[in-house]
Amino acid sequence: MNELMKVRRDKLKAFMDMGVAPFGHRYEVSHHAADVIEQFSGLEGEAESEEEVTVAGRLMAIRGHGKASFSVLMDRSSRIQIYFKLDVLGEDKYKQFKLLDIGDIIGVRGHVFRTRRGELTIRVDDFDLLSKSLRPLPEKFHGLTDTEIRYRQRYVDLIMNPEVMNTFVARTNIIKSIRNYLDTRDFLEVETPVLGTIAGGAAARPFITHHNTLDIDMYLRIATELNLKRLVVGGMERVYEIGRVFRNEGMDVRHNPEFTSIEIYQAYADYNDLMDITEGIVRDAAMAVCGGLKVDYQGTTIDYSSFKRISMNDAVKEATGKDFMSCKTVEEARAMADEIGVPYEQRFGIGGILNAAFEEKVEETLIQPTFITGHPTEISPLAKRNPDDPRITDRFECFVYGRELANGFTELNDPIDQEGRFLDQLKAREDGDDEAHMMDRDFITALEYGLPPTGGLGIGVDRLVMFLTDSASIRDVLLFPTMKPLAGEGKKIIDNSAEEKIDFSKVKVEPLFEDCVDFETFSKSDFRAVKVKACEAVKKSKKLLKFTLDDGTGNDRIILSGIHAYYEPEELVGRTLIAIVNLPPRAMMGIESCGMVLSAVCEYEGEEKLNLLMVSDNIPAGAKLY
């Protein structure tokens, strides 16, 4: 405990010795600070309000000494100056005032007047200590600027940075605007389960938990789509849900493992109707919190009065000159992609390669609001095929500032087609795509009862809030974003009874090399201890992790490794690994990898096992292995 905190605890004891409860009870508030400022703005000269006001809030400044002092009181609405005077309070109460600290929460009762400098002020006739602050606030002139602390201690961030409060008030108003838009159009707001036995409705890795009573694994939902469409089958023709969804993926300025989405479904509509709804929702929200349709975001003016609509293939053709939908074979599509430097996986068909070209060459250029339509069937397992071209679906994605804001389509309501696409997704899972959809037999059953022609839409609420509040990071619009645990926090819970027991008699390892390598060649390999400063999943890759490493040189070293199937990036940050650091740079997914982290690989009961080599954190970065 530092000296400042000791002083505050001494004052706490002094209050108790005076018979004053340092942590008070209910307090009747007649006005907020903003109410006082508005109601008494007409006071002039030495006039004083006849009406008595009671205001409660946190002390943010204390100025003056002796027999009178000015202070600043802050509540949720604003700040107001308050005036303590010995002659008014009396000696005993003024002694209590002298024990107050910046950060204390008090209630004051008094009359409003205007000072000689013209500032509206409450003359305190009496006050009550409501909560003694035992920790000092950050230094007032600089506030709380460290983003790491701001996100971890949002309560302090809200106290010190008024613009943060404004962001979250705007967030609430945006959600109110969305609800109002839909409610006035006869949509029903519903709630669906967060836990389920199947993770469906989106291509994403789920979080897995365990239900003890049923003794089954369950998934936190990655989308609300399938349950909402079940409700449309049941006759709820217009439904929506605003709620948290969970995806077990990397974290960056655009992504948080849990986030808020809204999904909307309208029977007897198609994707064109849902594009209109998307425009209406975004425009109403912009008007509600920004007062207009031209909104600045990160130095760029975004005009929400107009949304462009263009097919994915046409957008790629405009950017690269390549018409992927003219390809008859996947070999032609691969050749086109190779010509323009678009990376792709061997499992991709023509549609998958077209999507890769879009993501590589087009997506980040879509600054003004744009709907991309005509998504390949290959990447749209829940969307209805286009009646004129079955290779594509009646689907759209809305992009703003190079980022996806919304995704919608005419829903697939053919149970036979849907079952076939689920089977295709299962094959993709077997081929290593752990984001592919699981088979949901009950959903097929629901479709067999009949889903009317339906349009569906999902909007990332957090991203919309980012765009309308000029917030660079998703963490700026989440009150409590997910953070890497501090030392001693968030340790893994190990159940020894359930710990995997390895039968080493079943382990197969690759045979040792029979040929010898001469000592001089071996000694040229530079094995070093490296510290993981950061680790993230490589965009557009299911396998690669990107390590930012401290190798002891003072410069960051980037190494890519295809071990995402075995490790999540967050769990590797801060670990000490072994790497070869003198290999020539190798380009992977457009990123130069400078070295190789070492893993131990074996086969166990027909399955490959991999363990990344991790060593004691006491070994310094750059230590050489001999």
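Predicted model: local features only at pLDDT ≥ 70, side-chain atom pairs only at ≥ 80, totals over all residues.
1. Let's start with the rings. Searching the whole structure turns up 12 aromatic pairs. One of them joins phenylalanine 307 and phenylalanine 371, whose rings are stacked, with 5.5 Å from centre to centre and 25° between the planes. That angle counts as stacked because the cut-off is under 30 degrees.

2. Where do phenylalanine 307 and phenylalanine 371 sit in the chain? Phenylalanine 307 is in the loop between strand E13 (300-303) and strand E14 (308-311), while phenylalanine 371 belongs to strand E15 (residues 370-373). The two are 64 residues apart, so this pair links distant parts of the chain. Phenylalanine 307 has 9% relative accessibility and so counts as buried. Phenylalanine 371 is buried too, at 0%.

3. Rings can also gather in a group. Phe84, Tyr94, Phe97 and Phe127 are linked into a cluster by ring pairs. Phenylalanine 127 has a charged neighbour as well: lysine 93 lies over the face of its ring, 4.9 Å from the ring centre. Elsewhere, take a look at tyrosine 626, where the charged end of lysine 624 sits over the ring at 5.5 Å from its centre.

4. Now for the charges. Side chains of opposite charge can pair when their charged atoms come close. In this model, the search of the whole structure gives 39 salt bridges. Among them is the one between arginine 171 and aspartate 462, at 2.8 Å from N to O. Arginine 171 is in helix H7 (residues 162-183) and aspartate 462 is in helix H15 (residues 461-469), so their pairing ties together parts that are 291 residues apart in sequence. Are these two residues buried or exposed? Both arginine 171 and aspartate 462 are buried.

5. Aspartate 276 is in helix H9 (residues 271-290) and arginine 309 is in strand E14, 33 residues apart. Aspartate 276 is partly exposed, with a relative accessible area of 43%, and arginine 309 is partly exposed at 37%.

6. Finally, salt bridges can form a network: Lys11, Asp101, Asp104 and Lys132 are linked this way.

Notes: Residues numbered from 1 in each chain as written. Heavy atoms only, no water. Phe/Tyr/Trp six-rings, centres within 6.5 Å; stacked < 30°, edge-to-face > 60°. Helix = DSSP H or I, 4+ residues; strand = E, 2+ residues; numbered from the N terminus. Buried < 20%, exposed > 50% of the residue type's maximum accessible area, 1.4 Å probe, protein only. Lys NZ or Arg CZ within 6 Å of the ring centre and 35° of its normal. Salt bridge = Lys/Arg side-chain N within 4 Å of Asp/Glu carboxyl O.
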